[in-house]
Amino acid sequence: MPVNQDAPDYTQHAPHAHRITSDEEAISIAHEIAAFLQIGASERDLSGFVPPEVVDTYSNSGLWGITVPRQFGGADVSAATLAAVIAIISAADPALGQIPQNHYCLLEDIRLQGSEEQQQFFFKLALAGHRFANALSETGGKTVQDIQTRLTKTADGLRITGRKGYCTGSLYAHWLGVLALDDDGRAQLAFVPRHSTGLTVVNDWACLGQRTTSSGTVLVENLLVDAFNLIASWKSYDTPTLAGPFAQLTTAAIDAGIARAALNDTVSFVNQFARPWIDAGVARAGDDPLTIYQIGALDSKLAAADALLEQAGKVLDRYKHDLSEETVALASVAVARAKIFTTEAALEASTRLFELGGTRSTHPRYNFDRHWRNGRVHTLHDPVRWKYHLLGNWVLNGKPPARHDWN
């Protein structure tokens, strides 16, 4: 959204989400919601504004609760299904596809490290349709792991003070997960209601792509936190878990959706408006042999990206309850392979659209540049050059990937 644009209260209506019960239902509803979100996606990108009813329809569909374990009433869908759902939604509107990405990751933190009482409480909220957003990253440190926000014990309870950035979905959220270091320097995740005293969501997200993700700033000043709302997230990386590969899988799925959207628009535009090159000797662009070649190349790369994404999800499903240094490394490797292909497919497909569509495809009325803008911005989340390094180090030297959110 544009800097300082006033935003409506996205939490004014009580959630009332549908309860999805199976992987098959999740995929079916994802297609329905994608069709709904695709209408107006370009206009939302241009205006930077998402109507509250769009966000409510999205979360009330039940898709935001599909990872909740069955013992707590959820569908507990497979990682492969979750990746497919995110990719389907992101092909319609990748900015809205990104909004629940951290929501799923926060629910995974609760699954991994929450007590049974915490799981019962927060999973019930998620199934009802409450939206969770992150306040994890910070923009002022030397690296993304340089966290300055602190959780301290005071005479009147636990308090958090700090400044967060890239807080995706924060405007739309009912709850925020705020990451802070405790007195022992360990990462703790505090779940706090969106309108808590001491918590301020700043509508300052301004970027060339993914414009409606609400990934702006969250200010935390002397925020009181109940001990019940703390999750010891440091434990997810102190011992082998799939927290990192899970987060990366959801990220790769968004890029796959961006690639699909760009290819779909390329095919449609070429068939309707593009002209063949003069030396092709054909009457329509769809019969231009070099255009046919490029579409075939794009299709094959996207098919490979989709296959690697599905395979990565299956690897996570295989090792979900078989955690070790080796299995977590295998999951990270599988997701890295998928991330490479989804990144490169998104960037290439969004560039080829203009090459194959011709000059008229650059007219502002089509807003096709949003595909490249979205792909370029979102794929910066974690540099793909380091995925190649991860894979090379694993294959060549047998060195397992470092355990963190970006592997």
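**View 1. Asn-222 is partly exposed, with a relative accessible area of 42%.** Buried means under 20% relative accessible area, exposed means over 50%, and partly exposed lies in between (1.4 Å probe, protein chains only). This is a predicted model, in which local features need pLDDT of at least 70 and side-chain atom pairs count only at pLDDT 80 or more, while totals for chains, interfaces and linings use all residues. Residues are numbered from 1 along each chain as its sequence is written, and side-chain values use heavy atoms, with hydrogens and water left out. Asn-222 lies in strand β7. Helices (H or I, at least four residues) and strands (E, at least two) are DSSP runs, numbered from the N terminus. The phi of Asn-222 is near 55 degrees, which is positive although the residue is not glycine.

**View 2. Asp-76 also has a positive phi, of about 50 degrees, and is not a glycine.** Asp-76 sits in the loop between α3 (52-60) and α4. Its relative accessibility is 26%, so Asp-76 counts as partly exposed.

**View 3. Helices α4 (residues 79-92) and α9 (residues 243-272) cross at roughly 35 degrees.** The two axes come within 7 Å. Axes are lines fitted to C-alpha atoms, for helices over the stretch in contact, and angles run from 0 to 180 degrees between N-to-C directions. The crossing of α4 and α9 is right-handed. A crossing is right-handed if the near helix is turned clockwise from the far one by less than a right angle, and left-handed if anticlockwise. On the α4 side, the residues that meet α9 include Leu-82, Ile-86 and Ser-90. Among their counterparts in α9 are Phe-246, Leu-249, Ile-254 and Arg-260. Contact here means heavy atoms within 4.5 Å.

**View 4. Aromatic rings pair up, and the structure holds 18 aromatic pairs.** Phe-122 and Phe-228 form one that is stacked, at 6.3 Å centre to centre and 20 degrees between the planes. Phe-122 is in helix α7 (residues 116-128) and Phe-228 is in the loop between β7 (217-225) and β8 (230-231), so this pair ties together parts that are 106 residues apart in sequence. Phe-122 is buried at 0% relative accessibility, whereas Phe-228, at 33%, is partly exposed. Another pair, Phe-269 with Phe-273, is tilted: 5.1 Å separate the centres and 50 degrees the planes. Rings of Phe, Tyr and Trp (its six-membered ring) pair if their centres lie within 6.5 Å; planes under 30 degrees apart count as stacked, over 60 as edge-to-face and the rest as tilted. Phe-269 is buried at 3% relative accessibility, and Phe-273 is partly exposed at 34%. Phe-122 and Phe-228 also belong to one aromatic cluster with Phe-121, Phe-132, Trp-175 and Phe-191.

**View 5. Arg-318 lies over the face of Tyr-319.** Arg-318 is 5.7 Å from the ring centre. A charge sits over a ring if NZ of Lys or CZ of Arg is within 6 Å of the ring centre and within 35 degrees of the ring normal.

**View 6. Helix α12 (residues 369-378) is mostly covered.** Seven of its ten residues are buried, among them Arg-370, His-371, Asn-374 and Val-377. The elements that cover these buried residues include α2 (41-47), α5 (94-98), α9 and α11 (325-357).

**View 7. Ser-214 is in the loop between β6 (199-202) and β7.** At 3% relative accessibility, Ser-214 is buried. Leaving out residues up to four places away in sequence, Ser-214 touches Cys-167, Thr-168, Gly-169, Ser-170, Leu-171, Tyr-172 and Trp-205. Ser-324 is 110 residues from Ser-214 along the chain, and their C-alpha atoms are separated by 36 Å.

**View 8. Gln-294 belongs to helix α10 (residues 289-319).** With a relative accessibility of 13%, Gln-294 counts as buried. Apart from residues up to four places away in sequence, Gln-294 touches Arg-352, Glu-355 and Leu-356.

View 9. Residues 40-124 are 67% helix and 0% strand, with end C-alpha atoms 31 Å apart. Residues 250-382 are 73% helix and 0% strand, with end C-alpha atoms 12 Å apart.
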